[in-house]
Amino acid sequence: MNSDVKLDIKTRDEAEFPGPSAAHLARGGLPVSTGITYRPYWWEAAPRPRVSLLLPRQTDVVVVGSGFTGLSAALTLLRNGRDVVVLERGDPGFGASTRNGGQIGSGNQKFRVKRLIELRGRAKAEAMLREGVRMLDHIEHLIETEKIDCHFTRCGRFRAAVQPEHYEAMARDMEDLRQIAGVESFMVPRSEQQTEIGTDVFHGGSILPQDASLHPGLYHAGLIQRIQEAGGHIAGNAAAQDISSNGDGGYSVTTPLGTIAARDVIIATNGYTDGLVPELGRRIVPIGSGLIATGQIPEATFSRLMPKNRVYGNTNRVFYYFRAAPGERRVIWGGRVGRLANNTSPLAFRHLARDMLHVFPDLADVQISHAWDGMIGYTYDEVPHLGRTAAGLYYALGYCGTGVSRATYFGNRIALQLLGRSEGRTSFDDLVFPSFPVHPIAKRAVPVVETWYRFRDATKL
Ligand SMILES: Cc1cc2nc3c(=O)[nH]c(=O)nc-3n(C[C@H](O)[C@H](O)[C@H](O)COP(=O)(O)OP(=O)(O)OC[C@H]3O[C@@H](n4cnc5c(N)ncnc54)[C@H](O)[C@@H]3O)c2cc1C
């Protein structure tokens with residue numbers, strides 16, 4: 001699709017305040033005011049829109065949350081003749097949707113195929129896996145038909161085996177995936193790995209050629225533009241503070257900008273879900289996830305490290321993932337962060353630089369320009385959910401860190417369900433949405449579990 005190549009881009013911040021080198025960040029001991037810009041690199045090309053408006057007194061549908069779920073739902077409703085108001089607590093796109101890595105998968109790698117069959121039975125597993133493939137097609141189709149210029153490309157994914165035994169297990173799983181859901185893939189042994197990635201630390205990997213990438217900031221900005229052109233309203237700094245039934249089958253939603261009446265409400269708050277709807281709050285645990293961006297990497301080094309310019313991930317439980325920014329030789333490297341979110345200290349991102357240098361020691365001298373984080377929404381069964389609460393509110397959330405395609409698709413499907421359209425049905429509709437057994441403990445336990453998984457990844461336990 002969009003193949004613009006803009007090399008040697010320097011942002012204003014980078015030119016004026018060069019950040020530390022990756023080696024320096026990895027070593028630690030940096031002062032907080034260190035030249036790193038603590039906001040998403042994507043916001044340089046897509047600055048946060050400041051949308052202020054007087055809130056209408058009533059609408060057909062209020063959507064709570066302005067990420068991909070909420071915007072995709074809003075656009076679907078608008079295209080079907082409904083009046084829509086999107087409420088956002090921060091600036092529009094404050095949440096994960098403008099902060100993510102822009103890697104687009106199907107979500108089908110969350111479970112081994114055999115494990116998913118054990119958990120759900122063969123027929124349901126097959127339906128869910130096939131739907132994962134359709135989610136990739138859906139986002140591509142949406143971007144094409146809405147003409148959103150966001151560097152969408154089917155670049156393929158290299159999934160690296162961190163331990164030798166992971167390679168064989170992955171090969172078996174890829175074969176199962178091909179048989180049950182027709183997913184195309186191929187394996188790259190360690191001996192040929194350099195054709196895919198310039199490192200020897202992995203034990204080969206798998207390629208999913210249909211996986212894709214985009215610029216999340218531009219995708220989000222494009223959705224906002226289409227919604228506004230279609231007459232939708234997006235209100236920033238307008239948190240939904242209370243939702244009550246207004247007695248005639250509709251709802252009243254209280255915000256700092258006033259109260260709005262709506263026939264229906266969609267909750268699209270994912271990792272930023274709080275106590276607004278306690279029934280959903282008990283079912284989502286937020287987990288912090290962070291990214292760093294490097295400065296431009298010399299041409300010769302870059303083409304050796306990422307010769308195919310794919311998106312990359314690994315097989316560890318505490319996962320890291322990386323890619324180049326579209327049309328640039330800048331690496332965007334992500335992984336979990338210890339504290340929930342809004343970290344503005346080099347210490348919070350040091351492990352990301354360490355992981356990056358473990359894989360690509362050649363990047364030691366490259367500058368780190370940006371570091372940022374956001375919240376992903378985890379569910380107890382590690383599957384996203386959509387449906388209606390006991391009070392009749394619609395919801396779609398819980399993408400467990402793979403949400404670029406899934407949030408877009410779930411937003412569309414929940415909107416179609418609201419419209420009573422049969423195309424809105426999904427194989428996720430009838431899944432029980434479990435609460436976390438002890439939700440406050442689950443929330444606090446995240447850093448401990450994280451440390452355990454890091455230890456386990458490192459020691460092959
Ligand atoms: C650092 C990071 C990297 C990621 N990388 C990838 C990746 O490479 N590939 C991938 O597929 N997925 C990735 N993800 C996950 C993906 O970004 C999310 O699954 C997806 O964006 C979720 O979209 P959403 O619209 O459901 O939620 P969000 O985009 O998080 O939006 C929810 C919004 O709800 C708002 N909100 C909450 N409560 C209220 C309220 N009461 N009133 C009004 N507004 C409210 C929040 O402010 C927020 O803006 C990543 C996530 C993070 C944080």
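Of the 461 residues of the protein, 51% count as buried. The model is predicted. Its secondary structure comes to 13 helices and 18 strands. Among contacts between residues at least 6 apart in sequence, 76% join residues at least 24 apart.

**Around the ligand**

- The shell around the ligand holds 45 residues, and Gly-65, Gly-67, Gly-95, Gly-101 and Gly-403 come nearest.
- Five elements are listed as giving two or more residues to this shell: helix H4 (68-79), strand E3 (103-104), strand E12 (285-294), strand E16 (368-378) and helix H12 (404-418).
- Strand E16 gives the most, with 4 residues.
- By class, the shell has 22 polar, 18 nonpolar and 5 charged residues.

**Helix H12**

- Helix H12 gives two or more residues to the shell around the ligand.
- The helix is largely enclosed by the rest of the structure, because 14 of its 15 residues are buried.
- Its length fits a simple estimate: at 1.5 Å a residue, the 15 residues should span 21 Å, and the end C-alpha atoms are 22 Å apart, which agrees.
- Just after H12 comes Gly-420, with a positive phi of about 75 degrees.

- Strand E4 covers residues 157-160, and both of its faces are covered.
- Arg-157 and Arg-159 lie on one side of E4, Phe-158 and Ala-160 lie on the other, and all are buried.
- E4 runs antiparallel to strand E6 (residues 205-208), and 4 bridges join the two.
- Within that pairing, Arg-157 has Leu-208 of E6 as its bridge partner.
- E4 also runs parallel to strand E13 (residues 311-314), again with 4 bridges.
- Arg-159 stands opposite Gly-313 in E13.
- Ala-160 has Asn-314 of E13 as its bridge partner.
- In E13, Val-311 and Gly-313 point one way, Tyr-312 and Asn-314 point the other way, and all are buried.

**The largest nonpolar core**

- This core has 128 residues.
- The members that touch the most others are Val-62, Val-63, Ala-74, Val-265, Ile-266 and Ala-353.
- Helix H6 (residues 122-145) gives the most to the core, with 8 residues.
- Ala-353 is in contact with Ala-22, Leu-25, Ala-26, Ile-292 and Ile-368, leaving aside its neighbours within four places in sequence.

**Ala-169 in helix H7**

- Ala-169 sits in helix H7, which covers residues 164-181.
- This residue is partly exposed, because 13 other C-beta atoms lie within 10 Å.
- Ala-169 and Arg-112 are 57 residues apart along the chain, and their C-alpha atoms are separated by 9.1 Å.

Notes: Residues are numbered from 1 along each chain as its sequence is written. This is a predicted model: local features need pLDDT of at least 70, side-chain atom pairs count only at pLDDT 80 or more; totals for chains, interfaces and linings use all residues. A residue is near a molecule or strand if its C-beta atom, placed from the backbone, lies within 6 Å of it. Ala, Val, Leu, Ile, Met, Phe, Trp, Tyr, Cys and Pro count as nonpolar, Asp, Glu, Lys and Arg as charged, and the others, Gly among them, as polar. A residue is buried if 20 or more other C-beta atoms lie within 10 Å of its own, exposed if 12 or fewer, and partly exposed in between; C-beta atoms are placed from the backbone. Two strands pair if DSSP finds at least two bridges between them. The expected span of a helix is 1.5 Å times one less than its number of residues. A nonpolar core is a set of buried Ala, Val, Leu, Ile, Met, Phe, Trp, Tyr and Cys residues joined through C-beta atoms within 7 Å. Two residues are in contact if their C-beta atoms, placed from the backbone, lie within 7 Å.
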